[in-house]
Amino acid sequence: MTLRYKTEGFVFKKEDNLDSNRIFSIFTKDFGKVEVLGRGIRKINSKLKGGIGLFSLSDIEFVQGKIRKTLTDAVFLEKFKNIFEEKHVFEIANKISEVADSFIRGEESDEKIWDLLINSFDKLNQPNLKNYYSYLVYYYFFWNFVSALGYGPEISNCANCQKKLNPYELYFSSKEGGVICRSCYAIKREGLKIKSDVIKVLRLILKKEWSILSKIKIENNLHNSLAAISDNYYLYLSSILKSDFKND
């Protein structure tokens with residue numbers, strides 16, 4: 001007997017396949033990350049295409065075959081239409097999708113990641129979203145996402161020596177997993193110099209103080225620092241996880 005599975009799913013990636021098919025990468029509420037084949041979904045008369053799409057939340061039903069899962073039904077719950085209206089917002093949505101696709105490996109449900117994904121795309125879906133605000137949503141997602149995976153940064157004390165940080169001599173070290181002091185930086189020579197404002201924003205992000213964060217205008221210097229440490233930490237963690245994945 002063929003087993004059918006029903007759940008809510010958020011589509012963060014799609015890839016066209018042969019014969020009018022499409023493969024969806026979906027983070028589901030009950031099963032975690034799954035790849036599901038939408039058979040014939042690119043045909044004009046396909047019933048499935050009316051219920052699922054990129055960056056959408058849907059009720060989905062699928063069956064497990066010998067090789068892959070196949071979509072049998074889908075109904076839109078939220079299309080997040082505004083994300084497609086602005087180029088900079090769409091780019092951030094893709095950036096979040098790339099992070100999720102890189103770091104989420106197996107089929108395992110995770111309520112924290114599920115809530116974070118939906119919450120972040122809710123924020124991106126606000127109409128007329130300004131460029132700096134969309135980047136703030138990305139930083140909010142990224143740092144809470146890596147924290148949910150167990151890679152949250154140390155931002156209270158020096159990540160190396162654990163001493164109290166001097167707010168005027170701060171460096172972010174991806175290798176050490178957070179902020180380090182000047183003395184440790186002088187020894188290790190690895191890290192990006194940052195200002196105390198970056199730490200203040202990171203603390204608000206990790207506390208999920210969105211009501212405060214949403215009132216902050218990200219100036220160029222602050223944005224550049226947040227972008228630098230976020231991208232650096234992403235690349236570092238990606239290399240670590242790829243190495244672990246190969247060893248498994």
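User: How many aromatic pairs does the structure hold?

Analyst: Rings of Phe, Tyr and Trp (its six-membered ring) pair if their centres lie within 6.5 Å; planes under 30 degrees apart count as stacked, over 60 as edge-to-face and the rest as tilted. The structure holds 23 aromatic pairs. One of them joins Phe10 and Phe121, a tilted pair at 4.5 Å centre to centre with 50° between the planes. Phe10 lies in strand β1 (residues 4-16) and Phe121 in helix α2 (residues 111-124), so this pair ties together parts that are 111 residues apart in sequence. Helices (H or I, at least four residues) and strands (E, at least two) are DSSP runs, numbered from the N terminus.

User: What should I know about the model before reading on?

Analyst: This is a predicted model: local features need pLDDT of at least 70, side-chain atom pairs count only at pLDDT 80 or more, and totals for chains, interfaces and linings use all residues. Residues are numbered from 1 along each chain as its sequence is written, and side-chain values use heavy atoms, with hydrogens and water left out.

User: Are Phe10 and Phe121 buried or exposed?

Analyst: Buried means under 20% relative accessible area, exposed over 50%, partly exposed in between (1.4 Å probe, protein chains only). Phe10 and Phe121 are both buried.

User: Which geometry does the pair of Phe142 and Trp143 have?

Analyst: The ring centres of Phe142 and Trp143 are 5.0 Å apart and the planes stand at 85°, so the pair is edge-to-face. Phe142 and Trp143 are both buried.

User: Where does the charged end of Lys95 sit?

Analyst: A charge sits over a ring if NZ of Lys or CZ of Arg is within 6 Å of the ring centre and within 35 degrees of the ring normal. The charged end of Lys95 sits over the ring of Tyr138, 5.0 Å from its centre. Likewise, Lys123 lies over the face of Trp210, at 5.0 Å from the ring centre.

User: In which sense do β2 and β3 pair?

Analyst: Two strands pair if DSSP finds at least two bridges between them. Strand β2 (residues 22-28) and β3 are antiparallel, paired over 7 bridges, and they form a hairpin with 3 residues between them. Ser25 has Glu35 in β3 as its bridge partner, while Thr28 is bridged to Gly32 in β3. β3 also pairs with strand β5 (residues 69-78), in the parallel sense over 2 bridges; here Val36 stands opposite Lys69.

User: Which residues of β2 are buried on each side?

Analyst: In a regular strand the side chains alternate between the two faces of the sheet. In β2, one side carries Arg22, Phe24, Ile26 and Thr28, the other Ile23, Ser25 and Phe27, and all are buried. In β3, 6 of the 7 residues (32-38) are buried, so the strand is largely enclosed by the rest of the structure.
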